[in-house]
Amino acid sequence: MANGNALLDARDVTIRFGGLTAVSHFNLGIQPHELVGLIGPNGAGKTTVFNMLTGVYKPTEGQIFVGGVSTHDFKPYQITALGMARTFQNIRLFKELSVLDNVKIGGHIHYKYSAAAAVLKTNRFHEAEEAAEHDAIELLKIFGLENRAGYYAKNLPYGDQRRLEIARALSAQPKLLLLDEPAAGLNDRETRDLLQTIRDIHKRFDIAILVIEHNMELVMELCERIVVLNFGKTIAQGTPGQVRENPVVIEAYLGEPAEAAGI
Amino acid sequence: MTKSLPWWLRDLLWLALFVAVLVGLAYGLDAIPIVGMAYYNRILVLMGINITLAVSLNIINGHAGQFSLGHAGFMAVGAYFSAYLTFYHFAPRLDKMPAGTEQWLMQNVFLVIAVLCGGLLAALAGYLVGLPSLRLRGDYLAIVTLGFGEIIRVFILNIDKIGAARGFSGIPHWGNFFWVFLVCGLAIVISWRLVQSSVGRAFLAVREDQVAAEAMGIDTTRYKVKAFVIGSFLAGVAGGLYAHYTMYLNPQTFMFVKSFEVVAMVVLGGLGSISGSVVAAVILTFLPEGLRSVKDYMPGGRDPRMVIYSIMLIVLMLTRPQGLFGRRELWQVFGRKKKRDQSEAPPVQ
Amino acid sequence: MQEILQNLLNGIAVGAIYALIALGYTMVYGILKLINFAHGDVFMLGSFVGFYVGGYAARHLHTTGGALGWGYAGLVMLVAMVVCGLFGFLNERIAYRPLRNSPRIASLITAIGVSFLLEYGGQFVFGADPKRFPTLVAPHYIAFGGLSVTNYQIIVLVVAVIFMGLLQYIIYGTKFGRAMRAVSFNFETASLMGIPTDRVISMTFIIGSMLAAVAGILFGLSYPTINPLMGIMPGLKAFIAAVLGGIGNVPGAVVGGLIIGIIESFIGGSPLSGYKDAIAFIILIAILLFRPSGLFGKYQAEKV
C-alpha cells in the first residue's frame with residue numbers, strides 16, 4: 001500500500017541493465033508542497049531515477065506510486081495524467097512549433113476533445129480552445145514570454161528555452177513537477193533568475209518540486225530536503241545543512257574536481 | 001455567418017454555399033465551348049482526386065510525421081471495395097428502377113454509400129497499418145507501409161471477382177466533377193480544422209518529439225493511429241470516386257509508384273503545409289500533361305516525363321529540402337513581408 | 001522428399017542473389033542509417049551493362065555454341081562491377097552527401113528519386129521492352145540423385161560464396177574494414193579518431209554497388225529476360241532480407257537472403273503461388289512486430 005497522501009512514493013526501486021545495477025533500493029517519498037533535491041556526482045544514477053519515475057524505464061524491482069497509484073504498468077503519458085510533469089536535461093521543446101503551441105500542448109490532458117468536435121467546431125471545441133489559449137497566455141506572462149508567443153521555440157535564446165520548458169510542464173497542471181538539471185548550461189546570472197522563478201512557481205501554484213541537479217549550490221539554496229545518490233545508492237539524505245556536513249557526501253563529491261561539483 | 005449562429009447551422013450554410021458554387025461550376029464548365037473541353041474536364045477531376053490524396057497523406061506524413069509510402073494501397077482498398085459494392089449490389093438494383101428523378105437520386109445515394117464504405121474499409125486498413133507504426137522508426141515504417149501497399153495489390157491480383165490481373169471493368173460512371181470537388185473541399189477543411197485543434201497539436205507534437213509528447217500526457221500511439229485512420233479514410237474515399245469516374249480499375253495503377261507520386265506532391269509542397277500540398281498536387285497533375293508533347297521531339301517517341309519528374313525530385317531535395325512553402329501555409333509565405341507586427345515579429349537568430 | 005530438396009535448392013540459388021544485394025543495403029544502413037532505395041536499381045544497371053557488354057562481345061567474337069565462355073563471362077562481370085561501382089560512388093557523392101546533415105527523410109526521398117531516375121531513365125535509354133540476356137556460359141543439366149540441377153545454380157552459388165568470403169575478409173581482415181566497422185559503430189567518434197569517414201562511406205557504396213552488379217550478372221545468367229524495372233522487387237526483397245538478418249549485420253544479410261529465397265521457392269511450388277510476391281512483406285511486418293532487431297541484430301532504444 002502506498003503512503004496515504006504522498007504525491008510520490010518510490011519503494012525499494014532497483015533497475016539493472018544486463019549485469020549492471022544502475023540504481024539499487026532507491027526510496028523516496030514526496031509530500032504535497034515539498035521542495036526536494038536529488039543530487040550526486042556524474043553517473044550516480046540521477047537521470048535513471050528520473051526516467052523510472054516518469055515511466056520511461058521500468059524498474060526491475062520495487063514499486064513506484066504516484067498519488068497512491070502504482071505506476072508499474074503505466075506508460076509515461078498515463079503517469080503525466082496522474083499529476084506529474086517533467087522537463088528534460090537536454091531541452092526537448094517542440095522546436096518547429098510556436099511558443100504558444102508548446103505551452104498549449106503541455107496542457108493537452110486538460111483541453112482534449114474528439115477529432116469530430118475539432119472538425120465540426122462544436123461548442124466544446126470553442127470552450128476548450130478558449131481555455132487553452134487563456135491559460136497558456138497566463139503562463140507565458142509569468143515567465144515573461146508573452147511577447148514571444150508567436151516565435152518558433154527553436155528561435156528563443158537558450159535561457160528562455162529552459163524557462164519555456166518549465167512553462168510547458170506547468171501547463172499540465174501537475175501536483176508534482178520534476179526538473180531535470182534545469183540550470184545546465186546557464187550562466188550565474190541566469191541561474192540566479194531560475195532559482196527565483198522556481199521559488200515563485202513553487203509558491204504560486206502550490207506544487208511539490210523534485211529537482212535533479214549537478215550544481216550543489218543551487219540545490220542547497222533551493223531545497224528543503226536533499227537526497228544524495230552515488231553509484232546508484234542513496235548515501236545520505238536530510239536538510240541542506242545535514243547533507244553539507246555529511247562526511248560520506250563530502251567524500252563522494254571530493255572524489256572528483258570541486259569545480260565540476262559546483263562547490 | 002458569424003459566431004452568433006450555432007455551430008451546426010453556420011457550417012451548414014457554408015456547405016450550402018459551397019455546393020451551390022460547385023453545381024454552378026459543374027454545369028458552367030461543361031458549357032464552355034472549347035475544343036477538347038471533355039479532356040480538360042477530365043484532368044480537372046483527376047486533379048481534384050490528387051489534391052484529396054495529397055492533403056490526406058499530408059495528415060499522416062506532414063502533421064503526424066509518420067512516413068507512409070502506402071497511400072496507393074489505401075486508395076486501392078477504397079476504390080476496389082466501393083466498385084465492388086456498386087457493381088454487384090447497387091447497379092443491378094438501380095437498373096430495375098424506372099428512369100427519372102428518383103433513379104437519379106438513388107444513383108447518387110448509392111454512390112455516397114459505396115464511396116463511404118470504401119473509405120471506411122480503407123480506414124480499417126489504416127488502423128491495421130498504424131498499429132505497427134507505433135514501434136517503428138521513420139524509415140522502417142516507410143518500408144512497412146510500402147510492403148503493405150504491395151500486399152494489398154497482390155491480394156487484389158488474386159481475387160477473381162474484382163477482375164484480378166485483367167482489371168475491374170464495367171463500373172458505372174457515377175462520379176463527376178461535383179462529387180470529386182465536394183470531397184476535395186471537405187478534405188481540405190477537415191485537415192485544416194484538425195491542425196488548428198488539440199488533435200492536430202498532438203499530431204505535431206508527435207512529429208516534433210515523441211518522448212516529449214509522451215511526457216506531456218499525449219498518448220502517442222493513439223494519435224499516430226488516428227492520423228493513419230483519418231488519412232487512409234480520405235484516401236479510400238478518393239479511390240472510390242476515382243473508380244466511379246474512370247470506370248475501370250487495374251492493379252498496376254496502385255503500384256507503389258502511385259504512392260511515390262503522392263509523396264512527391266506532399267514533399268514538393270512542404271511537409272506539413274496544407275496549401276503546399278494543394279498547390280503541388282495541381283502542379284504535378286498538370287506538369288505531366290504539359291510535358292506530353294515533349295515526347296514528339298524524342299527519338300523513337302520515348303517518353304521522358306518520368307525522367308524529368310525524378311530529376312526534379314532529386315534537385316528539389318538537394319536545393320530546397322523543405323519544399324515550396326516549408327511548414328508554412330501559402331498566405332504566411334507571401335504575407336510575411338507586409339505583416340511584421342509584434343505577434344509575428346522576426347525571429348531572433 | 002525429392003520435391004522438398006528441389007525447392008530448397010532453387011530457393012538457395014535465388015536466395016544467394018538476394019543475399020548479394022542485401023549486403024549492399026546492410027552495409028550502407030550500418031554506416032549512414034539510410035535505406036538506399038536505389039540499390040535494387042543498381043542491380044538492374046549491372047544486368048544491363050552485362051547485356052550490352054556481353055552482346056557486344058558475342059557479336060565480335062567467335063563463340064562456341066552461342067556461349068561466350070568463362071574468360072569473357074568474367075570480363076563482362078568485371079565491367080559491370082566497375083560501372084556500378086562508379087555509379088555508386090557518384091550517387092553518394094552527388095545525391096546523398098550534401099544531405100548528410102539534413103533530416104533523414106530528405107535523404108530517403110532523394111534515394112527514391114535516384115531509384116526513379118534509374119528505372120525511368122533505364123526505360124528511356126534502354127527501352128521499356130524486355131531484353132534477352134546473352135548466354136555467357138553454355139547451360140547444361142546435372143542429374144543429382146533425382147534432383148535436377150543446372151550448372152547455373154552451381155555457378156550462382158559458387159560465385160556468391162566467393163564474393164561473400166571476400167567481403168568478410170575485407171571487413172574483418174583489412175585496415176579499411178576496421179575503419180568501416182568503427183564508422184558504423186559510432187560515426188562521430190570515428191571521425192574524431194582521424195578515420196577518413198568520407199572515404200570509408202565512398203568505399204562502402206562502391207563495394208555494395210559492385211556486389212549488386214555481381215548479383216545482376218548472376219540474375220541475367222539464370223533468368224535471361226531483363227527489363228529496366230526488374231530491380232524493384234528483388235531490391236525490396238533484399239532489403240527485407242537485410243532487416244530479417246538484423247540490419248547492419250553482414251552475415252545476417254546472407255542468412256536473411258537465403259531464408260527469403262527458400263520460403264519464396266516453397267510458396268511458388270504450392271497452391272498459394274499467386275501470393276509469392278506478398279510473402280516477403282508479410283515476413284517483414286511479422287519480424288518488425290515481434291523482433292525489430294532481426295535475427296542477429298541488437299535493438300537500441302532511444303536515449304532520453
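This is a predicted model: local features need pLDDT of at least 70, side-chain atom pairs count only at pLDDT 80 or more; totals for chains, interfaces and linings use all residues.
Two strands pair if DSSP finds at least two bridges between them.

**Strand β9 of chain A and its neighbours**

- In chain A, strand β3 (residues 35-39) and β9(A) run parallel and are joined by four bridges.
- Within that pairing, V36(A) has R225(A) of β9(A) as its bridge partner.
- Strand β10 (residues 233-238) of chain A runs antiparallel to β9(A), with five bridges between the two.
- β9(A) and β10(A) make a hairpin with two residues between them, and F231(A) in the turn has a positive phi of about 50 degrees.

**How enclosed is β9(A)?**

- Six of the six residues of β9(A) (residues 225-230) are buried, so the strand is largely enclosed by the rest of the structure.
- You can check this on both faces: R225(A), V227(A) and L229(A) are buried on one side, and I226(A), V228(A) and N230(A) are buried on the other.

**Aromatic pairs**

- Searching the whole structure gives 28 aromatic pairs over all chains.
- One of them is F17(A) with Y57(A): the ring centres are 5.4 Å apart and the planes stand at 80 degrees, so this pair is edge-to-face.
- This pair links distant parts of the chain, 40 residues apart: F17(A) is in strand β1 (residues 8-17), while Y57(A) is in the loop between α1 (46-53) and β4 (61-66) of chain A.
- F17(A) is partly exposed, at 38% relative accessible area, and Y57(A) also counts as partly exposed, at 24%.
- For Y84(B) and Y88(B), the centres are 5.3 Å apart and the planes are at 45 degrees, so the pair is tilted.
- Both Y84(B) and Y88(B) lie in helix α3 (residues 71-96) of chain B, four residues apart, which is about one turn of the helix.
- Y84(B) has a relative accessible area of 23% and is partly exposed; Y88(B), at 30%, is partly exposed too.
- Ring pairs also link a cluster in chain B, whose members include Y80(B), F81(B), Y84(B), Y88(B) and F254(B).

**Charges over rings**

- In chain A, the charged end of R168(A) sits over the ring of F94(A), 4.7 Å from the ring centre.

Terms used: Residues are numbered from 1 along each chain as its sequence is written. Chains are lettered from A and ligands numbered from 1 in the order in which they are written. Side-chain values use heavy atoms; hydrogens and water are left out. Buried means under 20% relative accessible area, exposed over 50%, partly exposed in between (1.4 Å probe, protein chains only). Rings of Phe, Tyr and Trp (its six-membered ring) pair if their centres lie within 6.5 Å; planes under 30 degrees apart count as stacked, over 60 as edge-to-face and the rest as tilted. A charge sits over a ring if NZ of Lys or CZ of Arg is within 6 Å of the ring centre and within 35 degrees of the ring normal.
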